[in-house]
Amino acid sequence: MPAVKQRTASCNLSKEDQQMATSSSKGQAPKPERAVIEWLLDSDPSIRWQVMRDLTDAPADEVAAERARVATEGWGARLLALQAPDGRWGGVAWNRGCDSTMHVLLLLREMGLDPAGDEAKRAVGLVRDRVTWRGCGPQEADANPFFAGEIEPCINGQVAAPGAYFGQDGRGIIERLLGEQLADGGWNCEAPNDSTRSSFNTTICVLEALLEYERAGDASPAVTEARLRGQRYLLERRLFRRRSTGRVIERDRKSDAVWTHFAFPTWWHYDVLWGLEYMRRAGVASDERAAEAIDLVASKCDDDGRWPLETRYPGKMPVETDEGVGRPSRWNTLRALRVLDWYSGRD
């Protein structure tokens, strides 16, 4: 088994010590027990390759070989096999049931399906060439190809992120999103209805899209500036507090989701762990404004060094990837360990 990267321990801190942790102790990244690494590796290729890359010292060629298996084994292969000849999953571009074309592409991105692989090229090519928004969005978007998106920035962010990841032309969506940024730096699907305050949910979806677009080599000063403004929107609120009062936002007003409960997949539902994952992927320097959110993540580590799946959102999972709410979650454990590493400066 690949050697585990060296870390200082914090996952095994007492609850009292965790509660006292502040940004001054940001060197306390968790040192996973070997049993935790073995448990993570005893899983699907989509998790194994990311564990090897991010939590062990596995050679790059071994990581690449494991990543290639996402297309042919396990959850990734099962998702690809569910695609219909017309390019769609679930019979639609998007639905509320979470088994649509958009939702599957989001999952395949999270799993790290290699965009350069033949399987990904075939599947994404079918979506590009055959899937439109007819019947599942506003009528004005009926004829739009899938990767042209529709009108809501939340949905368009969730289309543009996997689109950029899989090498599709997302300039139209990105330009639209840039024009929809609100004065406070974020985005809100209710902006057409005269909302002037941004939504965490919409903002995180758009930030993921802008970041993926930049990573694809399509960065421009306008895109980067918009993303950094949106990033500041989250940091100014310490990722889960109201800027006006400083009080914790306990529940989302639109979906009643609890932002301090961690799900996978998140779909469009913001939570603290997703906010931190974005900051890690964006390469944000450890910021004191994220310290409280980091402490929250550390506090949820159980006695075995794992993080649970705390909630599931309504809808049908195309492929089950966890053992159920309340059970240890490999996805949440991997994600939590990564953000704690990032904040400690060890990522």
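In this predicted model, the charged end of Lys-300 lies over the ring of Phe-262, at 5.1 Å from the ring centre.

Helix H2 covers residues 34-41 and helix H3 covers residues 45-55. Two packed helices are described by the angle between their axes and the distance between the axes. For H2 and H3 the angle is about 145°, and the axes are 8 Å apart. On the H2 side, the contact is made by Ile-37, Leu-40 and Leu-41. H3 contributes Ile-47, Arg-48, Val-51, Met-52 and Leu-55. An α-helix has 3.6 residues a turn, so residues three or four places apart point the same way. Sorted by class, the contact of H2 with H3 holds 7 nonpolar residues, 1 charged residue and no polar ones.

Is H8 enclosed or open to the outside? Of its 13 residues, 13 are buried, so H8 is largely enclosed by the rest of the structure. Just after H8, Gly-167 adopts a positive phi of about 80°.

Aromatic rings are the next topic. The model has 10 aromatic pairs. A pair of aromatic rings is described by the distance of the centres and the angle of the planes. One of the pairs joins Trp-342 and Tyr-343, with 5.6 Å centre to centre and 65° between the planes, which is edge-to-face. Trp-342 has 7% relative accessibility and therefore counts as buried, the cut-off being under 20%. Tyr-343, at 3% relative accessibility, is also classed as buried. Elsewhere, ring pairs link Phe-200, Tyr-233, Trp-259 and Tyr-270 into a cluster.

The last stop is the loop between helix H11 (221-236) and helix H12 (272-281), where Val-248 is placed. Val-248 counts as partly exposed because its relative accessibility is 30%, between the limits of 20% and 50%. Leaving aside residues up to four places away in sequence, Val-248 touches Phe-240 and Arg-241. Val-248 and Ala-35 are 213 residues apart along the chain, and their C-alpha atoms are separated by 35 Å.

Notes: Residues are numbered from 1 along each chain as its sequence is written. This is a predicted model: local features need pLDDT of at least 70, side-chain atom pairs count only at pLDDT 80 or more; totals for chains, interfaces and linings use all residues. Side-chain values use heavy atoms; hydrogens and water are left out. Axes are lines fitted to C-alpha atoms, for helices over the stretch in contact, and angles run from 0 to 180 degrees between N-to-C directions. Helices (H or I, at least four residues) and strands (E, at least two) are DSSP runs, numbered from the N terminus. Contact means heavy atoms within 4.5 Å. Ala, Val, Leu, Ile, Met, Phe, Trp, Tyr, Cys and Pro count as nonpolar, Asp, Glu, Lys and Arg as charged, and the others, Gly among them, as polar. Buried means under 20% relative accessible area, exposed over 50%, partly exposed in between (1.4 Å probe, protein chains only). Rings of Phe, Tyr and Trp (its six-membered ring) pair if their centres lie within 6.5 Å; planes under 30 degrees apart count as stacked, over 60 as edge-to-face and the rest as tilted. A charge sits over a ring if NZ of Lys or CZ of Arg is within 6 Å of the ring centre and within 35 degrees of the ring normal.
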